[in-house]
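Me: Hi! I have a chain open here and would like to talk it through with you. Could you take a look with me?

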Amino acid sequence: MALTIPILRIRKIGTTYYFDYKANNKDPWINAGSHTTAGVPQSVGVIVKKWNYNYPPLNFDCDYINLHYINGSRTSPVIDISPAGKVESSRVLWNTDLPVGTGLTVETNLSLDGGATWQGWQQVPNRDEIPGLTSGTELTNARLMYKTTLSATDTVTPQLHDLTITIMPTDSTAPTVDSSNPIDGGLDVPIDGEISVTFDEAIFEGLNFNEITVTENVYNTAIEYTYRIDANVLEIAPTGNLDYSTGYTVHIPAAAVDDRSGNASETECRFSFTTISNT
Ligand SMILES: [Ca+2]
């Protein structure tokens with residue numbers, strides 16, 4: 001992530017200071033939130049980060065402006081959280097220095113109609129779910145604001161170092177096979193080894209799990225096996241040794257496995273290999 005040293009503008013209206021910034025003189029001002037206090041902010045830090053989106057999960061670091069002040073509350077700009085799609089879980093996390101006698105509260109305010117109406121400020125505990133962003137919430141037109149309120153003594157200033165909001169989107173993607181061992185067309189495979197199939201995410205037994213077969217290629221004989229699922233890997237252990245110089249095929253039908261959200265695998269997977277010769 002590139003660091004930028006932006007131009008900062010502070011406007012004062014009543015007891016509220018509004019912060020705007022831009023990276024270059026020719027750019028328009030970007031709202032960086034506001035700070036309301038009866039006193040003058042002791043000092044104002046610089047913006048060191050832009051929004052940092054990772055998808056998935058939608059994860060944005062809000063520490064782009066760092067304030068050291070006496071009492072007061074800071075309101076963030078309106079954040080467009082629609083890219084998260086549909087919520088599976090959400091979390092607010094922050095780190096502070098709170099000397100004795102100081103305090104911090106964090107509140108969030110949610111709009112599901114593009115900012116036309118707001119659900120109202122609600123206090124959220126550290127590491128907790130964002131109020132209103134419970135599992136299944138559709139974020140098509142969602143916006144979020146957060147407000148931090150710091151209280152201080154005459155001589156000690158609390159500091160909010162960073163505040164991160166994470167929204168995990170619902171998983172609606174079927175698990176797929178990443179790789180197998182042996183690989184398809186593999187040669188000189190040991191007769192006493194395990195067969196492993198690696199998926200792109202953690203898997204669980206699905207509707208057709210019992211239809212998974214390992215067969216010998218010439219007579220189409222099914223091989224007995226035991227199995228184990230370890231996160232995203234399916235381990236298949238033939239009960240006895242395989243035969244030497246023999247071709248085998250592993251078939252994993254569609255819907256053999258599910259992901260954590262219950263999405264069934266959509267495509268079948270078939271791979272063949274040949275065991276080592278007895279020489
Ligand atoms: Ca998935």
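Predicted model: local features only at pLDDT ≥ 70, side-chain atom pairs only at ≥ 80, totals over all residues.

Me: Good. How many helices and strands does the chain have?

Reply: There are zero helices and 23 strands.

Me: And what is the mean pLDDT of the chain?

Reply: The mean is 83, and 83% of the residues reach 70 or more. Over residues 42-58, though, the pLDDT is below 50. That stretch still has 46 contacts in the model beyond near neighbours in sequence. Residues 60-66 also stay under 50, and the model has 27 contacts for them beyond four places in sequence.

Me: Noted. What share of the residues counts as buried?

Reply: Of the 279 residues of the chain, 23% count as buried. As for contacts with a separation of 6 or more, 69% of them are between residues 24 or more positions apart.

Me: Let's go inside, then. Which residues have the most contacts in the largest nonpolar core?

Reply: Those are Ile81 and Ile167, in a core of 19 residues. Strands E9 (87-97), E10 (103-111), E12 (143-151) and E13 (159-169) each supply at least two of the core residues. E13 gives the largest share, with four residues. There is also a second, separate core of 14 residues, and Leu234, Val250, Ala256 and Phe271 are among them.

Me: On to sheets. In what order do the strands of the sheet with E14 come?

Reply: The order is E14-E16-E20-E19, an open sheet of four strands with antiparallel pairing. E14 (177-181) and E19 (225-230) each have a single partner strand, so one side of each is left without a neighbour in the sheet. On average, neighbouring strands here are turned by 15 degrees against each other, direction ignored.

Me: How many bridges join E19 to E20?

Reply: Six, and the two strands run antiparallel. E20 covers residues 233-238, and its Val233 stands opposite Asp230.

Me: Now the sheet with E15. Is its pairing parallel, antiparallel or mixed?

Reply: The pairing is mixed, in an open sheet of four strands ordered E15-E23-E21-E18. Its edges are E15 (186-189) and E18 (213-216), and each pairs with a single strand, so one side of each has no neighbour in the sheet. Neighbouring strands in this sheet are turned by 30 degrees against each other on average, again ignoring direction.

Me: Which way do E15 and E23 run, parallel or antiparallel?

Reply: Parallel, with two bridges between E15 and E23, which spans residues 269-275. Val189 has Thr275 in E23 as its bridge partner. Between E21 (residues 247-252) and E23 there are six bridges, and that pair runs antiparallel. There, Ile252 is partnered with Cys269 of E23.

Me: Where is Asn220 placed?

Reply: In the loop between E18 and E19. Asn220 is not a glycine either, yet it has a positive phi of about 60 degrees. Asn220 counts as exposed because it has 9 C-beta neighbours inside 10 Å.

Me: Last one. Why is Lys22 called partly exposed?

Reply: Because Lys22 has 17 other C-beta atoms within 10 Å, which falls between the exposed limit of 12 or fewer and the buried limit of 20 or more. Lys22 is found in strand E2 (residues 16-22). From Lys22 to Ala32 it is ten residues in sequence and 9.6 Å in space, C-alpha to C-alpha.

Me: Great, thanks for going through it with me!

Technical notes:
Residues numbered from 1 in each chain as written. Pairing = 2+ DSSP bridges. Axes fitted to C-alpha atoms, helices over the stretch in contact; angles between N-to-C directions. Core = buried A, V, L, I, M, F, W, Y, C linked by C-beta atoms within 7 Å. pLDDT = per-residue confidence, 0-100. Contact = placed C-beta atoms within 7 Å.
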